[in-house]
Amino acid sequence: MNGGTWRAVRVLAAATAVGLIAGCGSTIEGSPRAEGASSSGDTEQFTALLEECNAVADEQIAQTVGADAIERGFFGAICRWDAVGANGPVKVTFNWFETGSLDTEKSTGEKLGYTVESSTIQGRKAVVMRPRGDPGACGVTVGSPSAGVVGWWVQFQTGAADPCEAASTLADLTLNLSS
């Protein structure tokens, strides 16, 4: 490297060092807390954050899919259960999108190549979706009693039962418990 190139490298290094030092010297308002800790009142708005996962009791889900045992899995934007019984292993998923719409669900299902049909549950518009090539899986999404949409997906691993019937029953139970 020539002298000009070394000078440019030194200037760049000095500028980077100044930037790092300046960034480390910034002040952050507030009081430090250990990770995961909260102060009183901080969690108040989140007390019912995952309550929608309890829209239908685990026992009712198990009964609907013909399971002898059910285990809760992931709970967050969606809720998941794994079950097993006479119909073999079953995966169940529930979602409640407060700002969702049936049009969005229908459009998404079509883009994914699912067979999409219109239906009703308790007089509410619903969408039934079946992935092609997986006769053991079906999703039913219905307009929520408050806002948005609620949806249930059931996937029988062995294809031993009608997943759309199970998903529709779970959607019906959700509407019953929500009114």
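## Disulfides

Number the bonded cysteines of the chain in sequence order, and the pairing reads 1-2, 3-4. This is a predicted model, and its count of disulfides comes to two.

The link of Cys138 and Cys164 shows 100° about the S-S bond and is right-handed. Cys138 sits in strand 6 and Cys164 in helix 4 (residues 163-178), so parts that are 26 residues apart in sequence are tied together. Cys138 and Cys164 are both buried.

## Confidence

The average pLDDT of the chain is 80. A score of at least 70 is reached by 70% of the residues. Residues 36-47 have a pLDDT below 50. Beyond near neighbours in sequence, this stretch has four contacts in the model.

Confidence is lowest in helix 1 (residues 3-24), with a mean of 56. It is highest in strand 6 (residues 137-143), at 96. Where pLDDT is low, the predicted coordinates should not be read in detail.

## Overall layout

The secondary structure of the chain comes to four helices and seven strands. From the N terminus on, the elements run α-α-β-β-β-α-β-β-β-β-α.

The chain has 179 residues, of which 31% count as buried. It exposes about 11000 Å², and carbon and sulfur atoms supply 53% of that area. Among contacts in the chain with a separation of 6 or more, 44% come from residues 24 or more positions apart.

## Strands 1 to 3

Strand 2 (residues 78-85) has strand partners on record here in strand 1 and strand 3. Strand 1 (residues 67-75) pairs with strand 2 in the antiparallel sense, over six bridges. A hairpin joins strand 1 to strand 2 through two residues.

Strand 2 also pairs with strand 3 (residues 88-97), in the antiparallel sense and over eight bridges. Strand 2 and strand 3 form a hairpin, with two residues between them. Val84 in strand 2 stands opposite Ala69. Val84 also stands opposite Pro89 in strand 3.

## Aromatic rings

The count of aromatic pairs comes to four. In one of them, the rings of Trp81 and Trp152 have their centres 5.7 Å apart and their planes at 25°. Planes under 30 degrees apart count as stacked, so the pair of Trp81 and Trp152 is stacked. The pair links distant parts of the chain: Trp81 is in strand 2 and Trp152 in strand 7 (residues 149-156), 71 residues apart.

Are these two tryptophans buried or exposed? Trp81 has a relative accessible area of 1% and is buried. Trp152, at 0% relative accessibility, counts as buried too. Ring pairs link Trp81, Phe94, Trp96 and Trp152 into a cluster.

Conventions. Residues are numbered from 1 along each chain as its sequence is written. This is a predicted model: local features need pLDDT of at least 70, side-chain atom pairs count only at pLDDT 80 or more; totals for chains, interfaces and linings use all residues. Side-chain values use heavy atoms; hydrogens and water are left out. pLDDT is the predictor's confidence in each residue, from 0 to 100. Contact means heavy atoms within 4.5 Å. Rings of Phe, Tyr and Trp (its six-membered ring) pair if their centres lie within 6.5 Å; planes under 30 degrees apart count as stacked, over 60 as edge-to-face and the rest as tilted. Buried means under 20% relative accessible area, exposed over 50%, partly exposed in between (1.4 Å probe, protein chains only). Two strands pair if DSSP finds at least two bridges between them. Accessible areas come from the Shrake-Rupley method with a 1.4 Å probe; for residues, only the protein chains shown count as cover. A disulfide is a pair of cysteine sulfur atoms within 2.5 Å.
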